[in-house]
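The following exercises concern a structure to be examined together with its sequence. Each task is followed by a solution in steps.

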Amino acid sequence: MINKTELMKQLRKNPDRYWKVKLFEKKGFVRKQCKHCGKFFWTLVENQETCNDASCKPYNFIGKPLTKKKLTYIETWETIRKFFEKNGHETLNRYPVVCRWFPLYFTIAGIVDFYRLNDSELSFEFPANPSIVNQVVLRFNDIPNVGINGKSYSCFSMVNQQNLYDGKKGYWKDKCMDLDFELLTKAFGIKEKEINFIEDAWVGPSAFGSSLESHVGGIELSNSVFTEFVGTPDNYKEMKEKVIDVGIGLERFAWITQGTPTSYDVTFGDVMKKLIKESGVEYDKKFFERYSIFSGSLNVDEVQDMKLARIWVANQLKTTPEEIENKVAAIEALYAIADHTKNLMFALADGGIPSNTGGGHNLRVVLRRSLSFLEKFNWNFKLFDAVQWHAEFLKKMFPEVPDKLKEIEKIISIEENRYKQSKERTKRIVETLKKENKTLSEEDLVKYYDSEGIPPEEFVEAGMNIEIPARFYSQVTARHVQGKITEEKIQFDVSKIADTELLYYKNAYLFDFKAKVLKVFPDNWIVLDKTAFYPLGGGQTFDTGSIDGIKVLEVIRIHNVILHKLEKPIKEGKVVECKIDEERRLRIMRHHTATHIILAASRKVLGSHVWQSGSEKTEEKARVDIAHFESLTEKEMEALENEANRIVEKDLPIEINWLPRLKAEQKYGFVIYQGGVVPQKELRIVSIGNIDHEADGGTQVKSTKEVGFIKLVRTKRIADGTVRLEYTAGDVAESYLRDRERILQEVAQKLNVKENEVPAAVKKLFDEWKKKKKKK
Amino acid sequence: MEKEEEKEMITKKEFQELKQKEKWLKEAAKIVSTREEDLLKTIERFQKD
């Protein structure tokens, strides 16, 4: 990872190259260094000494808006949208907050919408140029500050302005800053002298560049990033297509137009009013107006001890920390609930599932934190009430969300029950700890949170005398922020070998072919010039068969080269006869297509949140692990199997098309990434009629009828938020059922009853046996 | 050389009948809390006792 401090040192050697734009010359901005934080900034005020960041200057807009017109949250978005559309930008629909196209659990910034991987290198793919998007983003690293400092969120709108510049098409820094200055001064009517631009840099995954933050009235409103290098500061190259990436804080723009005590008051609008009404909390607006001028500096990242920080604010306001606690604690909790329920609404609407692993863990953190506030203050409203209020409040901006409310309600209700059960468990743990006269360290708290899902507040409530670390939630969520990119283990050097011609992609029914042995590696691993042997990958097992009569034991792929492990040695350069075990391959293919069918059926029966988290397709059976919040009932299993077989009977064609990634995403949506992120520009899309489209590398049959009937053998909740479905298809399904039939016949014979009488006869025998046992 | 095998599929009626039989078996196995594969042995044990 590139070190930002080092990068800033290098960029500062040439500030004119990296930060000075024509706007500064035209308007007479001067470069100064903040006497408080040491950062460099550009201002129109000759004698200005501080940079205008919240930590260097208290807010000056509370009660005194910086714009002539007060705008609601939605009007603020409309103002930004109209400004950019007038200036030639296309407005894109928001992307899901659950990130399916890049190895992150959530969309953590507007620009992430356009991140893609080509192998391991970052690339940007924009559906329009230039464009803007009102992107809802989720971040879980600032949870302790949410509700406290008036501006931190776990869920917020980052309006992103993006543009690709290749020297001819698009625009670069000068025009970008002209536009952003005009947005501030003309669209919003902010006085020019109120605006400072602070020099900064942006460091992303294998790309970086300088940036200019726009600060007004003590708050950063936007950050204009100029991504122009790939690599590291020690080893980089200038990008052919440079990227303008401006993150505009919608909440903050709305805030400075209203001058409300916190940004939450304007962002949550009606939701906040309803929360205050339902909770019965008294809101002292005058006190909050005074308090919030200083609360912006209450940043748990920088303020190690919140108690000391509260004392500092109390001194500033000439009051006591106790008064501050009394007047603000309940309101802060309501602000946090407003934020967390909005977060959950978008995450669950977009397919997120609370769990104890990965991104689901972070959703559970905000959910349980909200529930613990409800309990602490004895409030009677439900979290789902707040979700509904958000959906109503935001429906003009995000009309797609209300359709998902039913699913969201169900998931929240299940999680509320789990929370109650976890509290019971906590009581028992605390009783044991007290008996043993033990206490809990910070490490123990994290362990209990991660393994049992118990928030530290529960231990306090249950009577443990512990201090909850201020950064507790940041620490536990930080463990679950980023997805993992699996590194391929390279066992053989194939760099000098030509790519293998993949015959199985040309014809999945080719079982006999001739090929030339290009290379022989130790342990009888060989490379052919072409092959129809499918290697292990994408959950599909490898093919077996023979090469020149020698058994093929294993087939793997390294980059674009296929390696076959043989039972005996073979000579390099020889032309060989290859034969694939046809029966086996056909069964694997049927199981592969059955997996796509099962997924489509699951989405229909269980909901659109269903997502594949793993799969295996073998000759004997197939399984798919899906994201789902509870075990399946027998009724759901029956419905799922029936739906899958309806698809089979429809005899839908299986079509395979290679498409550019962006086109595939636009045509089918991110549902194509069931198997995870695909780091390549061209995607192989497997379509089953109009019901399922997936980026897929496996072999498939030609139509759904060819799969044969699908039998769901068993389902199991294998982890929190993950259900495993096991099934068989075609002749394997028939064999499985014939085997069950045989057992039933044997039992019926043994009991001397008809097959349909077996359950009653078994019950009778069992009852008699129990009676006898009792007598004995 | 290309091959494609046309498998004869069981009819929907046959499939439904087999599924019904599987249900009876499952139901019976559930009564005595055993795996379907072990049902016969369990019955034999009960009869022996």
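**Exercise 1.** Determine whether Cys34(A) is buried or exposed.

*Solution.* The model is a predicted one.
Step 1. Inside 10 Å, Cys34(A) has 20 C-beta neighbours.
Step 2. A residue is buried if 20 or more other C-beta atoms lie within 10 Å of its own.
Step 3. Cys34(A) therefore counts as buried.

**Exercise 2.** Locate Cys34(A) in chain A and list its contacts beyond four places in sequence.

*Solution.* 
Step 1. The loop between strand 1 (30-33) and strand 2 (40-43) of chain A contains Cys34(A).
Step 2. Leaving out residues up to four places away in sequence, Cys34(A) touches Lys39(A), Phe41(A), Thr50(A), Cys51(A) and Cys56(A).
Step 3. As for Leu712(A), 678 residues separate it from Cys34(A) in sequence, and the C-alpha to C-alpha distance is 67 Å.

**Exercise 3.** Describe the nonpolar cores.

*Solution.* 
Step 1. The largest nonpolar core comprises 197 residues. Ala338(A), Leu344(A), Met345(A), Ile597(A), Ile598(A) and Ile710(A) have the most contacts inside it.
Step 2. Helix 11 (residues 321-349) of chain A supplies the largest share of this core, namely 15 residues.
Step 3. Setting aside neighbours within four places in sequence, Leu344(A) is in contact with Leu363(A), Val366(A), Leu367(A), Val387(A) and Ile412(A).
Step 4. There is also a second, separate core of 13 residues, which includes Val747(A), Val762(A), Leu25(B) and Ala29(B).

**Exercise 4.** Characterise the side of chain A that touches chain B.

*Solution.* 
Step 1. In the interface, 31 residues of chain A are in contact with 27 residues of chain B.
Step 2. On the side of chain A, two or more residues come from each of helix 19 (582-606), helix 22 (730-751) and helix 23 (758-775).
Step 3. The largest share, twelve residues, belongs to helix 22 of chain A.
Step 4. By type, the residues on this side of chain A are 16 nonpolar, four polar and eleven charged.

Methods. Residues are numbered from 1 along each chain as its sequence is written. Chains are lettered from A and ligands numbered from 1 in the order in which they are written. This is a predicted model: local features need pLDDT of at least 70, side-chain atom pairs count only at pLDDT 80 or more; totals for chains, interfaces and linings use all residues. A nonpolar core is a set of buried Ala, Val, Leu, Ile, Met, Phe, Trp, Tyr and Cys residues joined through C-beta atoms within 7 Å. A residue is buried if 20 or more other C-beta atoms lie within 10 Å of its own, exposed if 12 or fewer, and partly exposed in between; C-beta atoms are placed from the backbone. Two residues are in contact if their C-beta atoms, placed from the backbone, lie within 7 Å. Ala, Val, Leu, Ile, Met, Phe, Trp, Tyr, Cys and Pro count as nonpolar, Asp, Glu, Lys and Arg as charged, and the others, Gly among them, as polar.
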